[in-house]
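Student: Could you take me through one part of this structure slowly, looking closely at a single side chain and the partners it pairs with?

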Amino acid sequence: MPLDVQILKWPSIALFAALIGAFLLISAAGAAGFRKLRRGRDVSPSNETIALVLGIYGAIYGVLLAFVVVIAWDDLSTAEGRVDAESASLASIVRDAEFLPAGVRDSISRDMKGYLQHVINVEWAEMGQGKVPNASNPYLEDILTTLKDYRPSNAREVADYESIRTDLTSAISDRRDRIGYSGEQLPPLLQYFILGGAVSVVLLACCFTPKGRLDQVVLLTSVSVLLAASLLIVLGLNHPFAGDISVSPDAYYRGILSQYAPPR
């Protein structure tokens, strides 16, 4: 299991506190080091320069951070859309199968129940650990085999048969997209930029040396809390199916599919 996915198993408040603590430790070490280097010097001119640089750097970092959050949120929304689309196709299969002969209907119902229980009980746990489930699924393959062996006997059955085949094709396609998004995350280079940029902002803030210690404590604490909150959001959105901000299997419990889904 990737380290960032393991971290997402922590309660959000604990992870938030840990991030704040890490930035405060960096702030304390940085502030102590800069004060020691500049002891006895007039820091007023350099403080003005540092404040200007910190403002510009913070603005650039904030814009890029917002850009990353938008990308991650878009991936999360798209993954959720694939889950909704897959569940809608599966529900259509169940509805159309009600008009088929009993043997065919019962076979499809049996495989649908097995598929939903496998998706919710097995695949969702794998995706929550950052793993990519197997693209193929025996239950969907059995439904496809059932349809291949079935020969409609009238116009109504032909229409339902064609509709089920179309919905099954859509469900398989949506399933592949969902599985593909389960392995999605920000590129490593972008992750390093987000983390390195946050540390750089803290160190720049450490260079600003107000006359009063309390002013510096308030400044560094505020910066640490803000950066910790930003990183918590990015980390939570990094994996669409892991953490508190993630896609849930609720779509499989709606409407006609609820009778096939396992108990919550």
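Tutor: At 26% relative accessibility, Arg82 counts as partly exposed, a class that lies between buried (under 20% relative accessible area) and exposed (over 50%), worked out with a 1.4 Å probe and protein chains only. The model is predicted, so local features need pLDDT of at least 70 and side-chain atom pairs count only at pLDDT 80 or more, while totals for chains, interfaces and linings use all residues. Residues are numbered from 1 along each chain as its sequence is written, and side-chain values use heavy atoms, with hydrogens and water left out.

Side chains of opposite charge can pair when their charged atoms come close. The side chain of Arg82 meets that of Asp174 in a salt bridge, at 2.6 Å from N to O; the term stands for a side-chain nitrogen of Lys or Arg within 4 Å of a carboxyl oxygen of Asp or Glu. Because Arg82 lies in helix H3 and Asp174 in helix H6 (residues 155-182), this pair ties together parts that are 92 residues apart in sequence. Helices here are DSSP runs (H or I, at least four residues), numbered from the N terminus. Asp174 itself is buried, with 8% relative accessibility.

Arg82 also forms a salt bridge with Asp177, where the closest N and O atoms are 4.0 Å apart. Asp177 lies in helix H6 as well, so its pairing with Arg82 in helix H3 ties together parts that are 95 residues apart in sequence. With a relative accessible area of 32%, Asp177 is partly exposed.

Notes:
Helix = DSSP H or I, 4+ residues; strand = E, 2+ residues; numbered from the N terminus.
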